[in-house]
Amino acid sequence: MTDGPPGTTHLTPPEAIGALRRQRLQWARLYFVCDARPHDHDPEPLVRSALSEGVGLVELRDREHPRRAIERSGQTFRRLADTYSALFIVNDDPHLAVELRADGVHIGQDDLDPAEARAVVGPDAIVGLSTHSHDQIVAAAEEPVDYISVGPIWETPTKEGRPATGLELIGTAAEVASVPWFAIGGIDTGNVQQVVDAGAERICVVRAIRDAEDPGAAAATLFGAVDPAARRERSAG
């Protein structure tokens, strides 16, 4: 097999890579962010469980482990994402995203400028951007990004010092966001219905899957809350 752009195989025509990624982004409802060594374990069982139960986008976010460990885990994320036809995203580092053949990169408001990230990963890659306010959601429409995260809805230790936005920002995103968006921040199986009722159709979680006693069951519950088919069945019932 010859080398190709991030996340592709020799069977994928080059002109179809970006379109395929963006189609998968449209389909994705559940987004899981995970570190390289969750609870100091091999990430494969956890990531495989999550992907098998509805996660459509998995992000590698790690600022603690050595670079070599992150790269090894990135190879696992890439392989599993391919197995389940999901997107693999790297947090903050577009150069690492290219190195790991990721489908794209996610950046924060205080990280690289979106145009700089886009220049590194190229036009076919996915670029995501964190937003925390009405103005940032609106401004994202002028940036070269494919999706945004919206939150944190509730305060979360994964983003210490970042004040909660509350459920109100979900309604704002539903009205003004111009790209696919994922509600994020403190969402779990116990409160996900509140998030959906507020207008979210996509969610992003960390601890709700990573720290669950049964990660697969947690992913299945979360996915069921945002899965369009399941929502139609509930409405019909």
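These questions and answers walk through a predicted model of one protein chain. Residues are numbered from 1 along each chain as its sequence is written, and side-chain values use heavy atoms, with hydrogens and water left out. Local features need pLDDT of at least 70, side-chain atom pairs count only at pLDDT 80 or more, and totals for chains, interfaces and linings use all residues.

Q: How many helices and strands does the protein chain have?
A: Helices are DSSP runs of H or I with at least four residues, and strands are runs of E with at least two, numbered from the N terminus. On that basis the chain has 11 helices and 8 strands.

Q: What is the radius of gyration of the protein chain?
A: The radius is taken over C-alpha atoms, and the globule rule is 2.2 Å times the number of residues to the power 0.38. For 237 residues the rule gives 18 Å. The chain comes close to that, so it is as compact as a globular protein of that length, with a radius of gyration of 17 Å.

Q: Is Glu44 buried or exposed?
A: Buried means under 20% relative accessible area, exposed over 50%, and partly exposed in between (1.4 Å probe, protein chains only). Glu44 lies in helix 2, residues 44–52. Its relative accessibility is 18%, so Glu44 counts as buried.

Q: With which side chain does the side chain of Glu44 make a polar contact?
A: Glu44 touches Thr76, Arg79 and Leu80, not counting residues up to four places away in sequence. Contact here means heavy atoms within 4.5 Å. A polar contact is a pair of N or O atoms within 3.5 Å; within protein, one must be able to donate a hydrogen and the other to accept it, and residues adjacent in sequence count only if both atoms are side-chain atoms. At 2.8 Å, the polar partner of Glu44 is Arg79.

Q: Which residues does a cis peptide bond join?
A: Most peptide bonds are trans. Here omega is about 5° at a cis bond. Pro152, in the loop between strand 6 (147–150) and helix 7 (168–176), takes part. The bond joins Gly151 and Pro152.

Q: What is the phi of Ser85?
A: Most residues other than glycine have a negative phi. Ser85 is found in the loop between helix 3 (67–83) and strand 3 (87–91). At 42% relative accessibility, Ser85 counts as partly exposed. Ser85 is not a glycine, yet its phi is positive, at about 55°.

Q: Where does His39 lie?
A: His39 is not a glycine but has a positive phi of about 55°. Its place is the loop between strand 1 (30–34) and helix 2.
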